[in-house]
Structure formats: C-alpha cells, structure tokens
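Please look over the sequence and the model shown here before reading on. The briefing goes from the whole chain to single residues.

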Amino acid sequence: MLNLVASPSGLSQADKYTIIDIETTGGDPRTDRITEIAIYLHDGEQVIDEFVSLVNPEKPIPDFITKITGINNDMVRDAPKFYEIAKQIVEITEGAVFVAHNVRFDYSFVQKEFRSLGFVFTRKQLCTVKLSRKLLPGHRSYSLGKLTKSLGIELQNRHRAAGDAKATVILFEKLLEVGRQASSMGDIMKSEFANIKLPPNLDRKVVEQLPEEVGVYYFHDAKGNVIYCGKSNHIRKRIRSHFQGAYQKTRTIEMFELVHHISHTLCGNELIALLLENEEIKRLQPIYNRAQRRQKFRFAVYQYEAQDGYIRLKIGKYDESLRPLAGFATRSSAESGLDRRIKEYQLCARLCEREKGKGRCFYRQLHICKGACAGEEDPESYNERVAKAINSLNYGRGKLENFLVLGAGRNQQERSVVFVERGIYRGYTYLDESYLGASPETLIEAIPFKEETPDVQRIIQGYIKKHPKEVFPLEPQPD
C-alpha cells in the first residue's frame, strides 16, 4: 500500500504517479487501438516529466470517433506506431502508479498493446473516478467533463489525450490535498488499488517466497499436475499479475480455483526461459496452455542450383536430412513465408516453383521479378538476392549457419550455451565459465540434443535480432 501520510507533504519520497489518458479507435481493447497517449509523471507535489504523442493505430479511425476526438487518419498517418514508443512508455511509468479517470479503460488498452508485443506490462492502478466518489461525495456526475466543471478545473481540448490528462492532474492534486486531511486515507487507498486475491487453496507464503528473477513457473492442481506453465523475467511479479484485478475471463477464473501450489525453475536469462517454457508446454501439455501446444515441422523451404546457374527455392515436406533452410508447421505458412521473400527480394515466382509455365512470370509483368525467368537477368545478380532471402529464412544470419548463443547463467560462475547447427536448433546447457575457453567441439559435446519446433525457430530468431552481441559463429561441422 502506498503511504500518503508518511511525511509532512503527505507522501513518501518513493511514491510516484503517472497520470495517463489515451484516445482510441473505439471502446474494445481486443479489436481497437490507441491513437494518442499523454503521460504526466507526478512526484506527489508536481509534474516532473511528461510524454505526449499521437499513435498510428495501423487501422482506420471511424468517422464517429473523429467527430469526438478530432483525430483523423491524416493526423496519425506519419505518427509513430505503438512499438516505436513502447520503450519510452515503459521508462516513464516504471515504478509509478498508473493513474487515470476510469483507469480500467486506459490500463486495459495499454496492457493489450504491450501484450501484442510479447511484453508483460504490470503497474499498480488508481482510478480517480472511484477516489473522487469517496473523497468528493455529492456530485451529480463523476465524468471528467462534468466533475472538473463543478470543481472549477479548466478543461481544454476535451477528448484529446493531453487536455484530459492535464485536467486529471489537477483533479488528482486536489484529491491528494483532500486525502491528506482524511484520517481514513490509508484504508481508502488500500481499497482503490488492484488488490491481490490469491487462489483459495494457495498458501500466500508460497507467492511471497517466489524470486524476482527470470525463469519458468508452474501452476499445480490438488494432485500435483501442472495445469499452466509460463515464463517471466520477474517470476513473483508475473504471478501476482495473474491474480490481480477483477478483469479475469471465465477460463482464468476456472484456473484460479484449481491452483494449489506453484513451483518454478530459474533460468538465468530470457532466451533459456523462453526455450524451457516452450519445451515444458509441449512435454506437459497443461490444460490452460493452448498457444504453444503446436505440431512439429511438416513443411520446409529448400534450395538447389539448376544447370542454368540460377539458385532455386522450393517448398517440400520437412526432412532434416535434406538440410532445409527453414521449417514450417503448415504448407500455408511455408507458402506465406516464401511468397513474402519473393516480393521483398524481387525474386522470380517461377524459379521458386510458385508458378508454372514458360516465358515471363506474372511477377515480371508486375515489375517484382527482374526477368530471370526470361533470361533478362544474369544468374549472378539474381543469386545475390536469393542469398539475402535465404539469410532472412535462416535465423537472419546469412552464411552463419553454425553458431552459439552465450548468455547469463543461474549464478555468477556459469553461462548458458545455445547451439544452432546449419540453421537448426540443437539444444542448450549451462557451463562453468572456465569451460568457455574450450574448443567448440568440446562445448557442443556437452549440449544435450533438443528437438526444433516452429516455436523454437521463432524464439531464437526474435532473440538474436535483439541481442546480436550474444551470437558467436562457428566453423561448419563435418558431415
């Protein structure tokens, strides 16, 4: 619970708040997107930082929304997309309470945007609507417009993020002033924050003793069976967020009632946690994990060079002995992956066996293909672009097919080692730092074999793009 009466000013020095307002394309966070966001960082006395930006929602803004907010498609066309400002939002809100007028609305949209990026966004929340009802009783309406008007708070640029957020800042400061004079303020604040309601059969001490480290956690039922498995960079914080708030779906509530115990495995770094989570979900098949209970590779993209010197790409059934460039769970995903590279690197659809016939291919007529199908482009120029396409398929590492990914271990003395051979994931292990000077062959021998799946390929591709300095190339291993 935050301390609002701990000092003469009414706040402990550690307390910070971010007063936030957003505009959106609609009212449903599942389908609508943010078009504008305003954040004012407050230290309990004054605003100390701010962030305001339009956001490209990557979807059309309905006319009725434009009439309300004044934000139209032209205004957001060149605005940053959410992922481009996500880091700034994380930084300014880190360690601060998420404050908004009807916080459930704003928080759910921001949380959904981060969830779509694979990031768990969790902040304590405070709703100025609820707090106003308790500290400022007697008003006919507690909507921002009517409440600020009755309190004499100037509200400019209504239904724009900055205008509404600035008015909420003034309202918040008034609530703080009233709250400091209220003897029951501590109880009020406690009730306003999203309290942690633990499953009825789970000992609170189990949660309190969980580490704030990266790893994989498991929810167990009364018989000890794993019913859910997850990964987090902060295990205790992530588990608390599972049980926080009143916005749980029916399926989550069902799981909530079944949890009797929680266990965990520390991993040392995010990549190992992601790999272990994926592996455990497929091994344990928890009933509340669905997204990663996928099938194995069934199709792949291969390369071969024809007599005319042009490198061909083709789709076929997955066979590791044929050294595939990339594996896919379905034919449609393989076709989509190859078609995307054909367009991006201006390849010939016919030379990639995506079109039959002779003469110029259809993509040549669209000026996507540069004419290799009709002998209008020499093999050397064409093959240079094919190599780039292969690079993007093969973990984005080009000719670097064999490599290690070295990361932090579970303690100061060890490192994690992930091995990829000829573009295929082979496994991971932990080694004492003293072993890192050994030959690559020695390191590889210490790594137990793991099976690559579509999810593993996605995990490693995404990770090494963000952490290229952790990748160390190896010489190709002999057949």
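What follows is a short briefing on this model, grouped by topic.

The model is predicted, and local features were taken only where pLDDT is at least 70, side-chain atom pairs only at pLDDT 80 or more, while totals for chains, interfaces and linings use all residues. Residues are numbered from 1 along each chain as its sequence is written, and side-chain values use heavy atoms, with hydrogens and water left out.

**Overall architecture**

- The protein comes to 17 helices and 15 strands, where helices (H or I, at least four residues) and strands (E, at least two) are DSSP runs numbered from the N terminus.
- Of its 479 residues, 49% count as buried; buried means under 20% relative accessible area, exposed over 50%, and partly exposed in between, with a 1.4 Å probe and protein chains only.
- Among contacts with a separation of 6 or more, 60% join residues 24 or more positions apart, a contact being heavy atoms within 4.5 Å.
- The accessible surface of the protein is about 24700 Å², and 48% of this belongs to carbon and sulfur atoms; the areas come from the Shrake-Rupley method with a 1.4 Å probe, and for residues only the protein chains shown count as cover.

**A helix face and a surface patch**

- In helix α5, which spans residues 128-135, the buried residues are Thr 128, Val 129, Leu 131, Ser 132 and Leu 135. Seen down the axis of α5, these buried residues fall within an arc of 165°, so they line one face of the helix; the arc is that of the directions from the helix axis to the C-beta atoms.
- Tyr 83, Leu 117 and Phe 119 make a nonpolar surface patch of about 300 Å². Patches are made of residues with over 30% relative accessible area and no salt bridge, like charges being joined within 9 Å and nonpolar side chains (Val, Leu, Ile, Met, Phe, Trp, Tyr) within 5 Å.
- Phe 119 is found in the loop between α4 (103-116) and β5 (125-127), and counts as partly exposed at 36% relative accessibility.

**Salt bridges**

- A search of the whole structure finds 20 salt bridges, each a side-chain nitrogen of Lys or Arg within 4 Å of a carboxyl oxygen of Asp or Glu.
- Lys 231 forms a salt bridge with Glu 270, with the closest N and O atoms 3.0 Å apart. Lys 231 lies in strand β7 and Glu 270 in helix α12, so the pair ties together parts that are 39 residues apart in sequence. Lys 231 is buried at 16% relative accessible area, whereas Glu 270 is partly exposed at 28%.
- The side chains of Glu 280 and Arg 283 meet in a salt bridge (2.7 Å, N to O), and these residues, 3 apart in helix α12, are separated by about one helical turn. Glu 280 is buried at 8% relative accessible area, whereas Arg 283 is exposed at 55%.
- Arg 33, Glu 58 and Glu 113 are linked in a network of salt bridges.

**Cysteines**

- The structure holds 0 disulfides, a disulfide being a pair of cysteine sulfur atoms within 2.5 Å.
- The sulfur of Cys 369 is 3.9 Å from the closest cysteine sulfur, in Cys 361, which is too far for a bond; Cys 369 is buried, with a relative accessible area of 1%.
- For Cys 229, the closest cysteine sulfur is in Cys 267 at 9.4 Å, again too far for a bond, and Cys 229 is buried at 0% relative accessibility.
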